[in-house]
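Visitor: Could you take me through the aromatic contacts in this one? I'd like to see the structure before we start.

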Amino acid sequence: MNVFEETLTKILKNSIEAMGYELYDLTYSKGPKKGKLTVYIDKAGGVSLNDCEVVSKHISVVLDVENIINESYILEVSSPGINRNLKTKKHYEDSIGKECLIHLFNPIDNQKNISGKIINVFDDGVEIQSGQSKIYIDYRDIKKAKLNLI
């Protein structure tokens, strides 16, 4: 997450949580004419289209007041989905016991992609049960990770 996305997260997190949702993640990308802010929300029992609409309207007001985005942009509010990306320690903690797929910057045991079940989460990494092997992966070595449920 870049500095601008971290700033957006700080601005939106408490407001979204006060509505009963979790700010799961967000991304901002600049386009040639417009930027795109994608906000991923979650809640117990899942997120409906109506939830996304309510949060989108709320976020629009907050961002207008804060005036942090200095260009035209598209706002998209979405569920993180069943095969959600894993980026934070909390994401991994919430996914203990679930199958995931991790893409690495550098290979571990000649593998750049490791799939398996998340069995432990630490401050600096995660432990995966892949077949008969337990593999420790430092967060710094993870290029991209996501749940692999379907």
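**Aromatic contacts**

Guide: Y92 has a relative accessibility of 2% and counts as buried, where buried means under 20% relative accessible area, exposed over 50% and partly exposed in between (1.4 Å probe, protein chains only). This is a predicted model, in which local features need pLDDT of at least 70 and side-chain atom pairs count only at pLDDT 80 or more, while totals for chains, interfaces and linings use all residues. Residues are numbered from 1 along each chain as its sequence is written, and side-chain values use heavy atoms, with hydrogens and water left out.

Visitor: How many aromatic pairs are there by your rule?

Guide: There are three aromatic pairs, the rule being that rings of Phe, Tyr and Trp (its six-membered ring) pair if their centres lie within 6.5 Å, with planes under 30 degrees apart counted as stacked, over 60 as edge-to-face and the rest as tilted. One of them joins F4 and Y28, whose ring centres are 5.2 Å apart with planes at 70°, so this pair is edge-to-face.

Visitor: What about Y92, which ring does it pair with?

Guide: Y92 pairs with Y139 in a tilted arrangement, 5.5 Å centre to centre and 40° between the planes. Y139 is partly exposed, with a relative accessible area of 21%.

Visitor: Changing topic, which residue lies over the face of Y24?

Guide: That is R84, at 5.0 Å from the ring centre; a charge sits over a ring if NZ of Lys or CZ of Arg is within 6 Å of the ring centre and within 35 degrees of the ring normal.
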